[in-house]
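Subject: Structure handover and notes

Hello,

Here is the structure we discussed handing over.

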Amino acid sequence: MKLRWSPTSPFVRKVVVLMKEKGIEDLIQKEKSNPLSREDRAATPSPLGKIPCLVTDDGEPIFDSPVIVEYLDTECDGPQMIPPTGPERWRVLRRQATADGMIDSMVTCFVESLKKPERQSAGIVAHNKGIVMNGIAAFEQEADDFADRVDAGTIAAAVALSFADQTFPDDNWRADNPRIAAWFETFDQRPSMKETVLIDARQFK
């Protein structure tokens with residue numbers, strides 16, 4: 001299998017952290033892609049031109065990150081990251097969806113920051129920042145249940161919280177969300193997280 005990959009994408013990071021936690025990273029070849037490059041987007045097997053995009057051994061493209069996560073969890077050995085049935089499955093998928101929505105909003109803020117100052121919209125940034133903070137508050141309400149869980153939901157949550165630090169470095173989300181902050185500080189020390197720290201897309205070549 002091959003993974004269209006970039007060290008700048010939190011969606012890619014979510015997939016790679018999961019690969020590491022399942023112990024399947026060596027089974028998947030990484031192909032570097034720059035999401036800010038028009039040529040790289042055109043070369044991505046996904047018709048949307050987005051990463052991550054997994055290409056199976058049969059040459060079939062699998063996208064985007066939630067589908068890749070479920071594919072790897074279903075088709076590969078290792079600890080189960082998404083329960084197959086029952087309330088716990090929907091809890092894990094809901095947490096992943098919350099994190100993905102937060103990341104989407106942070107990517108919007110990043111794209112806004114690429115514009116010339118006079119063309120940037122403070123309203124767009126404020127709206128999307130509000131979405132991120134609401135997501136963090138939702139995680140705070142469930143923090144006691146995160147405990148020692150390592151699954152698709154907690155992985156996505158940790159990646160989103162880390163990306164919040166990168167996107168809003170001057171904001172202290174931890175002050176109002178101490179329980180999820182304490183959980184994150186522990187989870188962020190896992191090798192899978194320490195080995196996948198993102199770099200700014202503007203510095204990637």
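This is a predicted model: local features need pLDDT of at least 70, side-chain atom pairs count only at pLDDT 80 or more; totals for chains, interfaces and linings use all residues.

Four strands make up an open sheet with mixed pairing, in the order β2-β1-β3-β4. The edges are taken by β2 (29-32) and β4 (61-62); each has a single partner strand, so one side of each has no neighbour in the sheet. Inside that order, β1 (residues 2-5) and β3 (residues 53-55) run antiparallel and are joined by 3 bridges. In this pair, L3 is opposite L54 of β3. Helix α1 packs on the sheet through contacts with β1 and β2, and its direction is at about 140° to that of β1. Helix α3 also packs on the sheet, where it touches β1, β3 and β4; the angle between its direction and that of β3 is about 35°.

α1 against α3

These two helices also meet each other. The axes of α1 and α3 (residues 65-75) approach within 9 Å and cross at roughly 10°, which means that α1 is roughly parallel to α3. On the α1 side the contact is made by F11, K14, V15, L18, M19 and K22, and on the α3 side by S65, P66, I68, V69, L72 and D73. Sorted by class, the residues of this contact are 8 nonpolar, 1 polar and 3 charged.

The nonpolar core

The largest nonpolar core has 51 residues, and the members that touch the most others in it are L72, I180 and W183. At least two residues of this core come from each of α1, α3, α4 (86-113), α5, α6 and α7 (178-187). Helix α6 gives the largest share, 10 residues. Leaving out residues up to four places away in sequence, W183 touches F146, A147, T154, A157, A158 and L161.

α6 against α7

The axes of α6 and α7 come within 10 Å, with a crossing angle of roughly 100°, so α6 is roughly perpendicular to α7. From α6, the residues T154, I155, A157, A158, L161, S162 and D165 meet I180, W183, F184 and F187 of α7. This contact divides into 8 nonpolar, 2 polar and 1 charged residues.

Where does V150 sit? It is in the loop between α5 (122-146) and α6 (152-167). V150 counts as partly exposed because its relative accessibility is 23%. Setting aside residues up to four places away in sequence, V150 touches E21, M81, I155, F187 and R190. P79 lies 71 residues from V150 in sequence, while the C-alpha to C-alpha distance between V150 and P79 is 9.0 Å.

One of the contacts of V150 is E21, which is placed in helix α1 (residues 10-22). Is E21 buried or exposed? With a relative accessibility of 17%, E21 counts as buried, because the cut-off for buried is under 20%. Apart from residues up to four places away in sequence, E21 touches P79, M81, V150, I155, R190 and S192.

Regards

How values were computed
Residues are numbered from 1 along each chain as its sequence is written. Side-chain values use heavy atoms; hydrogens and water are left out. Buried means under 20% relative accessible area, exposed over 50%, partly exposed in between (1.4 Å probe, protein chains only). Contact means heavy atoms within 4.5 Å. Axes are lines fitted to C-alpha atoms, for helices over the stretch in contact, and angles run from 0 to 180 degrees between N-to-C directions. Angles under 35 degrees count as roughly parallel, over 145 as roughly antiparallel, 65 to 115 as roughly perpendicular and the rest as oblique. Ala, Val, Leu, Ile, Met, Phe, Trp, Tyr, Cys and Pro count as nonpolar, Asp, Glu, Lys and Arg as charged, and the others, Gly among them, as polar. Two strands pair if DSSP finds at least two bridges between them. A nonpolar core is a set of buried Ala, Val, Leu, Ile, Met, Phe, Trp, Tyr and Cys residues joined through side-chain atoms within 4.5 Å.
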